[in-house]
Amino acid sequence: FGEMNYFVSSIYKLVFFLPIVYRMFFYKRSFKQSIVEGFNWKRFKKNFLPTLGLSLLFGSLFLSAFLIFKGYLDFDSMIYNLKTLVGVDKSNILYIGAYVIFLNSVLEEYFWRGFMFKELKSLGTLTAYILTGLGFALHHVMLIYAWFSWPYIIAMTLGLAGFGMVMNRIYEKYGLFSCWLIHLIQDVVMIGIGFSLL
């Protein structure tokens with residue numbers, strides 16, 4: 001049962017499939033059209049090199065931030081929370097990591113960039129940037145806010161909101177596949193850090 005804790009705690013992510021229903025019901029699109037909207041392989045191939053560069057840049061910044069601040073983090077508490085609250089340990093982190101890296105990343109980008117940002121632009125581009133940036137940040141922080149002190153939570157929230165807004169711009173410029181690759185690389189770094197802690 002412990003191994004399933006992470007997936008049970010992630011059931012709320014079923015909401016990420018709502019854009020499919022929304023598009024089929026309100027826009028009268030087919031199931032396939034609703035899924036693939038925003039994904040353009042030709043556009044991704046054309047912009048692969050700048051996307052890869054951004055992926056490595058953000059991944060390096062993420063890892064650097066961890067190395068800089070790791071001396072201020074309570075690793076014993078983090079490991080305890082990983083094991084007891086979400087059932088993640090060294091025996092299953094690679095399985096959970098594969099899910100996070102390859103599936104969760106595309107679900108998040110499909111929802112936050114390909115759907116929420118696109119739909120909220122009807123309220124104004126700046127509003128869409130801010131709302132989706134904050135939503136993206138709070139979605140990540142809500143499950144771990146009790147793991148850290150408030151200064152770290154505020155810093156993480158601001159950092160994630162900024163990253164989310166940058167990703168909105170990348171979506172506008174390069175498309176959804178590019179956002180997915182960038183997100184995927186950040187999750188590789190995150191799972192690598194988690195594995196090293198365990």
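Glutamate 109 is tucked away from the surface: with a relative accessible area of 0%, this residue is buried (buried means under 20% relative accessible area, exposed over 50%, and partly exposed in between, using a 1.4 Å probe and protein chains only). Its partner is arginine 113, and the two side chains meet in a salt bridge at 2.8 Å, N to O (a salt bridge is a side-chain nitrogen of Lys or Arg within 4 Å of a carboxyl oxygen of Asp or Glu). Arginine 113 is buried too, at 0% relative accessible area. Both residues sit in helix H7 (residues 93-120), 4 residues apart, or about one turn of the helix; helices here are DSSP runs of H or I with at least four residues, strands are runs of E with at least two, and numbering starts from the N terminus.

This is a predicted model, where local features need pLDDT of at least 70 and side-chain atom pairs count only at pLDDT 80 or more, while totals for chains, interfaces and linings use all residues. Residues are numbered from 1 along each chain as its sequence is written, and side-chain values use heavy atoms, with hydrogens and water left out.

Side chains of opposite charge can pair when their charged atoms come close. Searching the whole structure turns up 6 salt bridges. Arg23, Arg29, Glu37 and Lys118 are linked in a network of them. Within it, arginine 23 pairs with glutamate 37, their closest N and O atoms being 3.6 Å apart. Arginine 23 belongs to helix H2 and glutamate 37 to the loop between H3 and helix H4 (41-46), so this pair ties together parts that are 14 residues apart in sequence. Arginine 23 is buried at 0% relative accessibility, and glutamate 37 counts as buried at 14%. Glutamate 37 also bridges to arginine 29 at 2.5 Å, N to O; arginine 29 is partly exposed, at 29%.

Helix H2 (residues 18-26) also holds methionine 24, which is partly exposed at 35% relative accessible area. Together with Phe31, Ile35 and Val36, Met24 forms a nonpolar patch on the surface, with about 330 Å² of accessible area in total. Helix H3 (residues 31-36) gives the most to this patch, with 3 residues.

Elsewhere, the axes of helix H5 (residues 48-69) and helix H9 (residues 150-174) come within 12 Å and cross at roughly 170 degrees, so the two helices are roughly antiparallel (angles over 145 degrees count as such). Pro50, Thr51, Leu54 and Phe58 in H5 meet Phe163, Val166, Ile170 and Tyr174 in H9, contact meaning heavy atoms within 4.5 Å.

Methods:
Patches are made of residues with over 30% relative accessible area and no salt bridge: like charges are joined within 9 Å, nonpolar side chains (Val, Leu, Ile, Met, Phe, Trp, Tyr) within 5 Å. Accessible areas come from the Shrake-Rupley method with a 1.4 Å probe; for residues, only the protein chains shown count as cover. Axes are lines fitted to C-alpha atoms, for helices over the stretch in contact, and angles run from 0 to 180 degrees between N-to-C directions. Angles under 35 degrees count as roughly parallel, over 145 as roughly antiparallel, 65 to 115 as roughly perpendicular and the rest as oblique.
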